[in-house]
Amino acid sequence: MTKKNDKPEILHAEVVATSRLFQIEQVHLRFSNQVERQYERMKGNNRGAIMVVPVLNREQLLLGREYAAGTHSYELGFPKGLIDPGEEAHEAANRELQEEIGFGARKLTHLMELSLAPGYFASKMQIFLAEDLYESRLEGDEPEPIDLVTWPLAKWQDLLEEEDFSESRSVSALFLALKHLQLS
């Protein structure tokens, strides 16, 4: 059993920069040993986000290839997005599936909540497995269509060799789905 530390005391916090998506907050902390430090952290919109691992007929993984501004490249990954105001995480998961890859799910299983970079970022992402898929398309907010990529579930290890399948959230989601499906 691990020992839980007492959280540091927040002596002062202020927003030092704001963008359309984030606020950067500077936080002055005092730890239990009386050491003081200043940290910066990004504050998200507190709505949360989802990522979905769609599995078609227990045979195919469905992924999307879309532009990622952070790396200025096209990345292969699972459907993902923000939870809209008033929307539950499972509703966001099904909506994003339909917007990004043109499928809905009759069965969504929550696999885990992941933190995204807890030292700097407060947001969490809910990971879902989507099964019993059916064709259904909703209009999304992407600037260009996302390329649908099907991948044989039995060859999931080969996916890890793909240069553009490198996003840590997608890799984590894959392993969570495999554990749930008992294929790893």
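A: First, a sorting rule: Ala, Val, Leu, Ile, Met, Phe, Trp, Tyr, Cys and Pro count as nonpolar, Asp, Glu, Lys and Arg as charged, and the others, Gly among them, as polar. This is a predicted model, where local features need pLDDT of at least 70 and side-chain atom pairs pLDDT 80 or more, while totals for chains, interfaces and linings use all residues. Residues are numbered from 1 along each chain as its sequence is written, and side-chain values use heavy atoms, without hydrogens and water.

A pocket is an open set of points on a 1 Å grid over the protein atoms alone, where a 1.4 Å probe fits, with protein on both sides within 12 Å along at least five of seven lines; lining residues have an atom within 4 Å of a point. The largest pocket holds about 1600 Å³ of space. Its lining has 48 residues, and Leu21, Lys80, Gly81, Leu82 and Arg169 are the closest to its centre. By kind, the lining has 18 nonpolar, 13 polar and 17 charged residues.

Helices (H or I, at least four residues) and strands (E, at least two) are DSSP runs, numbered from the N terminus. Elements giving two or more residues to this lining include E5, E7 (80–82) and H3. E5 gives the largest share, 5 residues.

Now H3, residues 168–181. Gln182 follows H3, with a positive phi near 60°.

Conventions. The expected span of a helix is 1.5 Å times one less than its number of residues. Grid points are joined across faces, edges and corners, and a volume is the space filled by probe spheres set on the points.
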